[in-house]
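Visitor: I have a structure open and would like to talk through some of its details. Could you guide me?

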Amino acid sequence: MSAERPSMPPVRLNSEAELARDALAAPLLVRAVRLARWAGPDTRVGAGGELVEAQLPAAAEHLGLTADEEGAAYASEAWRLAVDTGLLDVTDPEEAELPDGADDSEAEGTVTAGENLALLTGGSPQDVLAIWLDGLDAVHADATAPVLDDFADLVGEDGSIDFEALDWDPEAEAEFLDGVLGNLYLLTLADSGAGDDPVPLPALAASMIVPDDMGEPTDDILEQVSEAMMRLDDQFRLLEPIGIVEYRPVDEALLVEEDESADGSAAGADDDVTRYGMVKLTPLGLYGVRARMLEAGVDAPAVGDLAGKGAEALLDGIAHYPESAARTEVTLWLAGRGAGDAEAAAAELLAAARGTDGGAPLRRLHCQQALALAGPEAEPAVRAVLDDPELGGLARVWLAERGAADVPAPPEEMIFWLAVDTIAAQLDADGELDELQGLVEGLSTQHGGFFDEVWRVDHPATADVLEAMGRLHGDKKAAKEARKAAFKARSRAGH
């Protein structure tokens, strides 16, 4: 009966203006912009567009960094981002003129300001975010690249790398990190978007390694989790400066303590989980991870996506949203139609709620909830469907809840049809079992001889609903009557 569920819950994103401000404040992008403005005609770059080693101390000094190996590394990282995001344009060294007597290995490129540099200050928030996303892609690629310092023996005298011996699968590495970010995204959106607490790094690593059906992890699994955790520690250290996460790294002293513990000279595991690393997606990180998921074809809705669409798209889209997100989406949809068009909006919602397909009951349930937000101006549109066999019951409930006068009593056939439709919607919504059981028992006891009549209801979900009532009803006699009624409904549908 159910419509296809979105693979991700809806996310509430900050406005593009707020996100663009966050992007411009990301430390790595700030440094990249400063270097892009610092670069001039005399700036020398190598064959790969990198800043030549001799200029790294000056670049580090311009960024306010120490003119040592660490400062040079930060400057080099910022320079690469400036090139990767189009803040700088690099001329191919092969096109450069060489001094007399020089060979091709001495070729150096030239650099000029890229057109994206001006967009960061003069462009729209969308322009800024597009540049930032390019930067995120570049940093993500760096984070999933192998640490070549660990494989010095695989680097030839000419600087070439034996990638086959390296045993590095770039697609698998990228997929693993994206999986981790996807899990962090889900945890952030848990409990209707209330995931404000950082996630312990061991738990995040375990979410990717430990099978769901495993009880006590084996030593081999625990070792894999530990290795993944340390790899993630390196990766989140790289990702934090682009503004995607807030990260508290693994306490390096802890690693020393664990090494000593293995020799029996120190205490065992530390109870302070924060020492093992804590990570949290920023609002900009939610935007960035969602953008990557959308690009990969993942259904990752955002609240507000449906505001400009038709009523049918709205009701289908919010079918499995959490209540608060669905309410916000409907409010935005109604606001987009203006205060003076509440009656027309209500009529559009009611028209979209019709249907005999599997998702129709849930559409009608959300239509009723949406009409509650439309206000009293919706009443003429609601009264217009009082005689509609699919919408008449819904209309009477809405009018009665508002205390409206002159609400006609529903015919018995409509009462039973509405009961089936209501339970079908709740089954599709995957609501709380206790609430659903209460609804089932309340409807069956409210009407005498309920099961003797309800199997005759001409509703596509009648037999399924009666079977569910047989499973859920707390009274054994009533449950048996429901199962018998379900059999009758199926027999009737077969003729």
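Predicted model: local features only at pLDDT ≥ 70, side-chain atom pairs only at ≥ 80, totals over all residues.

Visitor: Where do Asp137 and Arg292 lie?
Guide: Asp137 belongs to helix 6 (residues 125-143) and Arg292 to helix 13 (residues 283-295), so the pair ties together parts that are 155 residues apart in sequence.

Visitor: Which residues are linked with them in a network?
Guide: The network of salt bridges links Asp137, Asp178 and Arg292. Asp137 itself is partly exposed, its relative accessible area being 30%.

Visitor: What about Arg237 and Asp233, how far apart are they in helix 11?
Guide: They are four residues apart in helix 11 (residues 219-239), which means a separation of about one helical turn.

Visitor: Is Asp233 buried or exposed?
Guide: Asp233 is buried, with a relative accessible area of 4%, whereas Arg237 is partly exposed at 32%.

Visitor: Which residue forms a salt bridge with Asp388?
Guide: Arg354 does, and the closest N and O atoms are 2.8 Å apart. The pair links distant parts of the chain, 34 residues apart: Asp388 is in the loop between helix 18 (379-383) and helix 19, and Arg354 is in the loop between helix 16 (342-353) and helix 17. Asp388 is buried at 15% relative accessible area, while Arg354, at 35%, counts as partly exposed.

Visitor: Changing topic, why is helix 17 described as largely enclosed?
Guide: Because 12 of its 15 residues are buried, helix 17 is largely enclosed by the rest of the structure. Among the buried residues are Arg363, Arg364 and His366. Helix 17 (residues 360-374) reaches 20 Å from its first C-alpha to its last, close to the 21 Å expected.

Visitor: And what is phi of Asp406 near?
Guide: Phi of Asp406 is near 60°, a positive value in a residue other than glycine. Most residues other than glycine have a negative phi. Asp406 lies in the loop between helix 19 (392-401) and helix 20 (412-429) and counts as exposed, at 71% relative accessibility.

Visitor: Lastly, which residues form the positive surface patch?
Guide: Lys480, Arg483, Lys484 and Lys488 form that patch. Arg483 lies in helix 24 (residues 476-494) and is partly exposed at 47% relative accessibility.

How values were computed. Residues numbered from 1 in each chain as written. Heavy atoms only, no water. Patch = residues over 30% accessible without salt bridge, like charges linked within 9 Å, V, L, I, M, F, W, Y side chains within 5 Å. Areas by Shrake-Rupley, 256 points an atom, 1.4 Å probe, with all protein chains shown as cover. Salt bridge = Lys/Arg side-chain N within 4 Å of Asp/Glu carboxyl O. Lys, Arg positive; Asp, Glu negative; His and termini not counted. Charge placed at Lys NZ, Arg CZ, Asp CG, Glu CD. Helix = DSSP H or I, 4+ residues; strand = E, 2+ residues; numbered from the N terminus. Buried < 20%, exposed > 50% of the residue type's maximum accessible area, 1.4 Å probe, protein only. Expected span 1.5 Å × (residues − 1).
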